[in-house]
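Morning, everyone. I have one structure to walk through today, and I will keep it short.

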Amino acid sequence: MDLKSCGYCKEMVDLSVGPHIHDPKKCKQCGETLPAEAFHRWPSSADGRRHVCSQCVANESAATRVQRVIEKDTQFRDDKEKLKEHGYRWVRRVVEPGPDPVFRWALLDPQGQEVTKEQALRDIWSAENPQPDDFDYPVY
Ligand SMILES: [Zn+2]
Ligand SMILES: [Zn+2]
């Protein structure tokens, strides 16, 4: 017995008696009925194929890639704006002086102390999201 639940037809199938094949198969994404070959091989599926056709998979991964880039970029802009808004600023620091100096960017907080961007964003976050002051409660 090699029981597996099929994510496509929602049935428990016994793979030891033979392969469980859906051909043709309806794509869960685009709803198109396509031959089994149009679906990527997927060993963990009861029927050995993905339930989303390869065309949809390709479209989706391209879309997610674009989406990720956009999100990252937006996040970066947001961070930059936020830091500026809270009085943080980037300064260029000389790491190795000389005829060919090496610089790096350092983030300074409003007091002029160098902080990491992560720390700055955490501080901004906690400044914008005040926590209820519950330190006075007795600890048992
Ligand atoms: Zn099935
Ligand atoms: Zn599809």
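This is a predicted model: local features need pLDDT of at least 70, side-chain atom pairs count only at pLDDT 80 or more; totals for chains, interfaces and linings use all residues.

One cut-off before we start: a residue is buried if 20 or more other C-beta atoms lie within 10 Å of its own, and exposed if the count is 12 or fewer. Keep that in mind for helix H2.

Mean pLDDT for the protein is 90, and 94% of its residues reach 70 or more. Which element has the lowest mean pLDDT, and which the highest? Helix H2, residues 117-128, is lowest at 90, while strand S4, residues 33-34, is highest at 98.

Now the layout. The domain assignment gives domain 1 as 3-58 and domain 2 as 86-128. Over C-alpha atoms, the centres of the two domains are 53 Å apart.

On to the helices. H1 runs from residue 54 to residue 85.

Next, backbone details in the loops. Lys10 sits in the loop between strand S1 (3-5) and strand S2. Lys10 is not a glycine, yet its phi is positive, about 60 degrees. Is Lys10 buried or exposed? Lys10 counts as exposed, because it has 7 C-beta neighbours inside 10 Å.

The following loop, between S2 (12-14) and strand S3 (25-26), holds Pro24. A cis peptide bond joins Asp23 and Pro24, with omega at about 0 degrees.

Last stop, Val102. Val102 belongs to strand S8, residues 102-108. Why does Val102 count as exposed? Because it has 10 C-beta neighbours inside 10 Å, and the cut-off for exposed is 12 or fewer. What does Val102 touch, leaving out residues up to four places away in sequence? Val95 and Glu96. Arg92 is ten residues from Val102 in sequence, and their C-alpha atoms are 9.9 Å apart.

That is the tour. Questions, please.

Definitions and conventions: Residues are numbered from 1 along each chain as its sequence is written. Chains are lettered from A and ligands numbered from 1 in the order in which they are written. Helices (H or I, at least four residues) and strands (E, at least two) are DSSP runs, numbered from the N terminus. Two residues are in contact if their C-beta atoms, placed from the backbone, lie within 7 Å. Domain bounds come from an automatic or database domain assignment. pLDDT is the predictor's confidence in each residue, from 0 to 100. The expected span of a helix is 1.5 Å times one less than its number of residues.
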